[in-house]
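Thanks for coming, everyone. Let me put the model on the screen, and then I'll walk you through a few parts of it.

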Amino acid sequence: MKPETQNLKPETQNLKPETRNPKLETRFGYFYKVLAIVSKDITAELRTKEMMSAMFVFSLLVIFIFNFAFDLRAENASTLAPGVLWVAIAFAGMLGLGRSFIIERDRGSLEGLLLAPVDRSAIYFGKFIGNVLFIATVEIVILPLFIVFFNLSIVIIPALVGVVILGTIGFAGVGTLFSAMVIHTRARDVLLPILLFPVIVPVLLSAVRLTAGIIDGLPLADVQNWLTLLIAFDLIFMAIAFILFEHVVEE
Amino acid sequence: MIKVRKLVKAFGSRIVLRGLNLDIAPGEFITLMGANGAGKTTLMNIISTLGKATAGQVMISGIDLSESAAHIRRYIGLVSHKTLLYDDLSAEQNLRFYAKMYDVPQPQARIETVVQQVGLWGRQKDPVRTYSRGMQQRLAIARAILHNPPILLLDEPDTGLDQYAADMLGDLLAAVDTGKRTVLMTSHNLERGLSLGNRVLILMNGKIGYDVRREDVSIEEVRQVYFEQLKR
């Protein structure tokens, strides 16, 4: 398209040298914009630290309260520990997801994003990666505490980290979509958990079962079905969110 | 440059735009007026690709908006009621982010240029939340012209500005080369709208009910038509 205005052309036109492969450039441009959104979210959070501090405190409180509320002995720790871990992750993550699109709504910056010449899915992936990073940062702090409080072996850490990563991807994947859905509703703080938790039951259930299996030292074959279920739901949720996000954020 | 044909927009059973037709030539500065709820912002949203028409067609430089919205967004800058900025980021960080989203080449040089144009040089590293409303609106204009769009949409750009800042708006728009761009501005301020625009439109019953070139009309005549419309 050549604008009819003679003297003014978008600055962007100069970015397309003839020598570069346009398809390759578009692909790089897509990831460049995804990273720009992630970087913007991290910069904004580092300025205020509002979301991360709330998530940290909340997750630590959950671990502490459950630790004292239940009579944790070696024989019942493995039964309760997986649930405690995922309650802490899910509820702290919910705080983060709730804030994720609020910062886009306050001054209409979501409209600013939607005005940019970028595929809507890039906005979704940018927000999704940001959410995963914020939740993962909280997990880096609570996992060692979880191991210590429940007197678990450090040998389980690599497998546990793998399950936590898979669970977090599924949780943030669908959570990012729902967070965008409720942004214009009045009761969004209440609506988000009500909508999100029933949908992510398969992710939480398989993550809890896998965590229990790891703590009990079960062989992979015994928990293979839960692992398959978790990976399958991660992929399904991501695909659905990828398809639906454009319709969710547009009028 | 902009052609709108038989544009209809309905929100449920409420029809806001009823077969609106409009032609805007390159370089025109159009002031669009109308009562609250007349559909000014709705029209702006559709042209800016933020909203979708119920029926009808919007063409920009011969390209149908419904087919190439993502591409056409490069050619449009929007200043709306909201600033579309991130309060916790500095002006420079906001503009750098949008420069990435619009693939602006040599972003640092361009950011410095627009910051100077809107008179915020020296404050560009301060968080936006420390800015006055007038400064935020200046930055919103800088954001809108960052990618040097040939089309500029100004949706009540004087909203929330004090008298001095609103009076400065004309100078500010002149500073960002609106004379070379095609501008569509909505406003409730008759004097300001007439002083800035070279064509005046009034939305009536979901259509352009009044369309006149600035030099062909007196402010009294426009005022009479406008206030009659407001009374209805």
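First, a term: two strands pair if DSSP finds at least two bridges between them. Helices (H or I, at least four residues) and strands (E, at least two) are DSSP runs, numbered from the N terminus.

Some ground rules. This is a predicted model, where local features need pLDDT of at least 70 and side-chain atom pairs count only at pLDDT 80 or more, while totals for chains, interfaces and linings use all residues. Residues are numbered from 1 along each chain as its sequence is written, chains are lettered from A and ligands numbered from 1 in the order written, and side-chain values use heavy atoms, without hydrogens and water.

Start with the open sheet in chain B. It has 4 strands in the order 2-1-4-5, with antiparallel pairing. Which strands sit at the edges? Strand 2 (14-24) and strand 5 (63-64) of chain B, each pairing on one side only. Strand 5 of chain B pairs with strand 4 (residues 55-60) over 2 bridges, antiparallel. There, B:Met59 has B:Asp64 as its bridge partner.

Helix 1 (residues 40-47) of chain B packs on this sheet, touching strand 1 (2-11), strand 2 and strand 4. Contact here means heavy atoms within 4.5 Å.

Now strand 8 (residues 182-186) of chain B. Buried means under 20% relative accessible area, exposed over 50%, partly exposed in between (1.4 Å probe, protein chains only). Why call strand 8 of chain B largely enclosed by the rest of the structure? Because 5 of its 5 residues are buried. B:Thr182, B:Leu184 and B:Thr186 point one way, B:Val183 and B:Met185 the other. B:Phe29 stands opposite B:Val183. B:Leu154 has B:Met185 as its bridge partner.

Next, the nonpolar cores: sets of buried Ala, Val, Leu, Ile, Met, Phe, Trp, Tyr and Cys residues joined through side-chain atoms within 4.5 Å. The largest has 137 residues, and those with the most contacts inside it include A:Leu85, A:Phe146 and B:Leu20. Helix 6 of chain A gives the most to this core: 12 residues. A second, separate core of 12 residues includes B:Met33 and B:Val225.

Terms used: Axes are lines fitted to C-alpha atoms, for helices over the stretch in contact, and angles run from 0 to 180 degrees between N-to-C directions.
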